[in-house]
Amino acid sequence: MAFHSVVKVYATTQNPNYDTPWMGTAPSSSTGSGVVIGRGQVLTGAHVVANATFVQIQKLDAPSKVIARVAAVSHDLDLALLEVTEPGYLAEVPVAKLGPLPKIQDRVSVVGYPVGGEEVSITEGVVSRIEVQEYAHSQRCALAVTVDAAINDGNSGGPVVLENAVVGIAFQTREGAEAIGEIVPVPLIEHFMTAVAEGRRTSLPGIGVRTMKLENPVLRRRLGLGPDDGGVLVTGVAYGGSASGHIRPGDVLLSVNGLDVAENATVLYRGQFRTAFDVVLGDHHVGDVMSAAVLRDGQRVALEIELRDGSSLVPGSQYDRSPTYLVFGGLVFQPLTRDFLEAWTKWWHQAPKELLHIYQEGLPTEARRGVVVVAQILADEVNVGYTSFSETTVSSVDGVAPRDIRHFAELLAQARGPEIEICTSFGGQLLFSVEAARAANARILERYRIPRVASEDLGRDLERALLPREA
């Protein structure tokens, strides 16, 4: 039976702290579930081991635990592969086999270790929906299977079984609904496992376009579409994304991967499921070439697009890495990210409206590939009068608009004049003496117990440039 392949996963995690990006939060412990998918290998959810500092697994009916390491992870697809460090621990555990994509009305079993008990739990549910859903862990949209079975804390990462074969991995519940869970289906599990086996990127590629539906007949006629034509209007193209240099704003996207795009932005996937057109990305890896067709100036244009990672102006949730930051004149600068916004308790309502608008609507361009935020201001004599400018974005440094946080850091490091002007959104002007700001950095680090003037990913050279010359 497939449930004999289920294991319990114990994780100690330390999440980053975007309020004080030089510090982590206190370590915490949690449990999840997994399934033996190969010799010494366990498949689980990425969110089960995200930001983990220590991982153990425990097999069915065993009192002891063994250490495991995260061998591969796809945060986009909420999947992770663990490897057990103790040889032979899983030798007698049967390796689960993967089944097909289930069908609507199939009765499946959700197997795992929900909180509130030590024994394995099996609950049954019926497949009610198969379509593209947003994965809460990554905010990426991909194929998911909905079942009317609860997925509770601790169940996550466990297998969903049909006829003794794994047809999915439990990963999230439907918000606002009772006893409704969602599972990562087999096609995406196979996508992940193939990427691991072939040494390819485990991320889900992105098309990199913003579109609007074409259900209005007047707009359709203006664009040259007949009553039976499908397609969606491209309203924006992300710089650096897959579509950059191929698709243009104003094009009508007619097909992707050989599937016709309907006016409501859906395709008929696998001849069975009508769902959002980006479902086709789950059939491809970064680096693959995908076909597409657009209507441009009244002519159908066939395209071959090399798929890249998703490109966004404001990155979604990031894991297994420390926040990027730098301090200058007591001002703490960070890139705008989803994680930064989530520092507000009810961020969607409480975060500054400017930042929320950029998060929702912004697309990267050649001139602007990221957004720099004045995250907070550490009070010091050098920044007197500037405290009201926290939580605003940086528009320029000495008249130069920063492309992203790295370019912004370079502009600060390269400052040669006696003064430097940092302009923020809504006309803010922050003028500093360069030497005074560098001197302030040294005392601010000591006063606020900050170990470094900039995060490690920005480099040691930047640190030296932001501190007094004699330091």
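**Exercise 1.** Is Arg 449 buried, partly exposed or exposed?

*Solution.* Start with the source. This is a predicted model, where local features need pLDDT of at least 70, side-chain atom pairs count only at pLDDT 80 or more, and totals for chains, interfaces and linings use all residues. Residues are numbered from 1 along each chain as its sequence is written, and side-chain values use heavy atoms, without hydrogens and water.

Now apply the cut-offs: buried is under 20% relative accessible area, exposed over 50%, partly exposed in between (1.4 Å probe, protein chains only). Arg 449 has 72% relative accessibility, so Arg 449 counts as exposed. Next, check the backbone. Phi of Arg 449 is positive, about 55°, although Arg 449 is not a glycine.

**Exercise 2.** Classify Asn 257 by accessibility, then describe its phi.

*Solution.* The relative accessible area of Asn 257 is 26%, so Asn 257 is partly exposed. Its phi is near 55°, a positive value in a residue other than glycine.

**Exercise 3.** Describe the surroundings of Ser 242.

*Solution.* First, take accessibility. Ser 242 is buried, with a relative accessible area of 1%. Second, list contacts (heavy atoms within 4.5 Å). Leaving aside neighbours within four places in sequence, Ser 242 touches Gly 206, Ile 207, Ile 305, Glu 306, Leu 307 and Arg 308. Third, look at the side chain. The side chain of Ser 242 reaches the backbone oxygen of Gly 206 at 2.5 Å.

Definitions and conventions: A polar contact is a pair of N or O atoms within 3.5 Å; within protein, one must be able to donate a hydrogen and the other to accept it, and residues adjacent in sequence count only if both atoms are side-chain atoms.
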